[in-house]
Amino acid sequence: HAGHEMGAMGQGAASLPEGEALRALPPLANEAGRPGLFKARLTAQSATARFVADRDTPILAYNGTSPGPLIEAFEGDRVEITFANRIGEQSTIHWHGMPVPADQDGNPMDPVAAGADRIYAFDLPEGSAGSYWYHPHPHGRTAEQVYRGLAGAFVVKAKADPVPAAYGDTVLMFTDLRLAADGSMPDSTMNDQMNGRVGDHVLVNGQKNPKLTVAMGAKRRLRLYNATNARFLRLVFANAVMTVIGSDGGLLEKPVATDEILLSPAERVELVVAFERPGAATLTTLDYDRGWMGPGRPADAGQTLLTVDVSDAPAEAMPPLPERLRSIARLAAPTVSRRLVFTETMAMNATGMEMGFLINGKAFDMGRVDIVAKAGEPELWEIVNQADMDHPFHLHGTQFQVVERERGGRVSKPPYLAWKDTVNVARGETVRLVMRQERPGSRMYHCHILEHEQLGMMGIVDVQ
Ligand code: C2O
Ligand code: CU
């Protein structure tokens, strides 16, 4: 893959061992000792990882692991997590996609000082089952802290789950790694700031191309998480059949067969994958042109993320997936509509070219409210990308429904109704979405290429 070797990527890249058995994410133990409460502690601290033999890589970790421990709780549960910040600078835990009150959201206005502890407490409402995640969100340091290892999965389970338990339930969290020859993770470059950091290796649960073994005819429920700072994952599964069953915010109404998935930074998808033929089934990346401002766009193509060994021995008969998974309420006709325009700017300063990433012509200002909204009121947001790169749009506080996309004068409807908290807005594209913020307080919206968020592509909606 010549393209992959070019540019900043690939030069001096260490090679990582592949083909080890896939490690499940370590579960975060519930210390509550009574049903209905999930209580635990997450300590962020420096740690080391062994990506290559004989070399320790300094990383940041929650409870010593990266990705962090898997949190599994049930809808209806109360959650109380004590966050101990031991990374030597301010941080937060943001509960990405989760319906938590504004003062428990871990946004940049509410930092946890170095060395301090704080308790995050919130309830998981009925109907909130879905694939969420957690990561730091401190002002100006989010990209760095996430890239060095601070991110974990938070799965809210349904009390009555229509997906057969025989499929299992496996989180695959994708992160992105660049290693210098000495085993360290190099500092970001100017190009990284513009494009977002894209590493040389996509890891799954911290491993490069791990192996999963299944019997022929098996079906697996897989939750795919794009926890990279900036990499677009366009995925195909050779020798397997993919069915989409869920999005960022839980199950779809019905299963949808698919050949290919585009997962932009921070998006999640739930799949049922059927392995019908013996041999190797591989989850690999295809190239995706997300636009690029500097020399050498990273070629994403041709990485194998996961290899599934499908044995000749037939699996026990798998129960079928129900034709109907749940119903999703259509939001009432929006009474308010807003337009958010994403642009990039370039300016020369003393040290060279500097880029700005703006929404409606403004860079993020923590002291400024950009939008005032009313709790409970349905709104239409039109996200217009006039920039030269794709920007995945993310909103805090609630999930939304994409109603329409428009590009080059062509309007299209999404193929299915889904709850989302992150949606890619391709360059030149307009995405229209509807949502309703239920709880008062200040909420962030931003590009989830974390370097862009830091360079200004973020705003505040104050819900009253
Ligand atoms: Cu996943 Cu405001 O972030
Ligand atoms: Cu962006």
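**View 1. Aromatic pairs in the predicted model.** Across the whole structure, a search finds 14 aromatic pairs. Rings of Phe, Tyr and Trp (its six-membered ring) count as a pair if their centres lie within 6.5 Å; planes under 30 degrees apart are called stacked, over 60 edge-to-face, and the rest tilted. In the pair of tryptophan 95 and tyrosine 120, the ring centres are 5.6 Å apart and the planes stand at 80 degrees, so this pair is edge-to-face. Tryptophan 95 belongs to strand 5 (residues 94-96) and tyrosine 120 to strand 6 (residues 117-123), so the pair ties together parts 25 residues apart in sequence. Helices (H or I, at least four residues) and strands (E, at least two) are DSSP runs, numbered from the N terminus.

This is a predicted model, in which local features need pLDDT of at least 70 and side-chain atom pairs count only at pLDDT 80 or more, while totals for chains, interfaces and linings use all residues. Residues are numbered from 1 along each chain as its sequence is written, chains are lettered from A and ligands numbered from 1 in the order in which they are written, and side-chain values use heavy atoms, with hydrogens and water left out.

View 2. Ring pairs link Trp95 and Tyr120 with Tyr62, Phe83, Phe122, Tyr134 and Phe154 into a cluster. Arginine 118 lies over the face of tyrosine 120, 4.1 Å from the ring centre. A charge sits over a ring if NZ of Lys or CZ of Arg is within 6 Å of the ring centre and within 35 degrees of the ring normal.

**View 3. Arginine 197 and tyrosine 147.** The charged end of arginine 197 sits over the ring of tyrosine 147, at 5.0 Å from its centre.

**View 4. Domain 2 and domain 3.** The domain assignment, automatic or from a database, gives domain 1 (2-157), domain 2 (165-314) and domain 3 (336-463). Taken over C-alpha atoms, the centres of domain 2 and domain 3 are 25 Å apart. Their contact (heavy atoms within 4.5 Å) takes 29 residues from domain 2 and 27 residues from domain 3. Five salt bridges are counted between these two domains. A salt bridge is a side-chain nitrogen of Lys or Arg within 4 Å of a carboxyl oxygen of Asp or Glu. Lysine 420 forms a salt bridge with aspartate 248, with the closest N and O atoms 3.2 Å apart.
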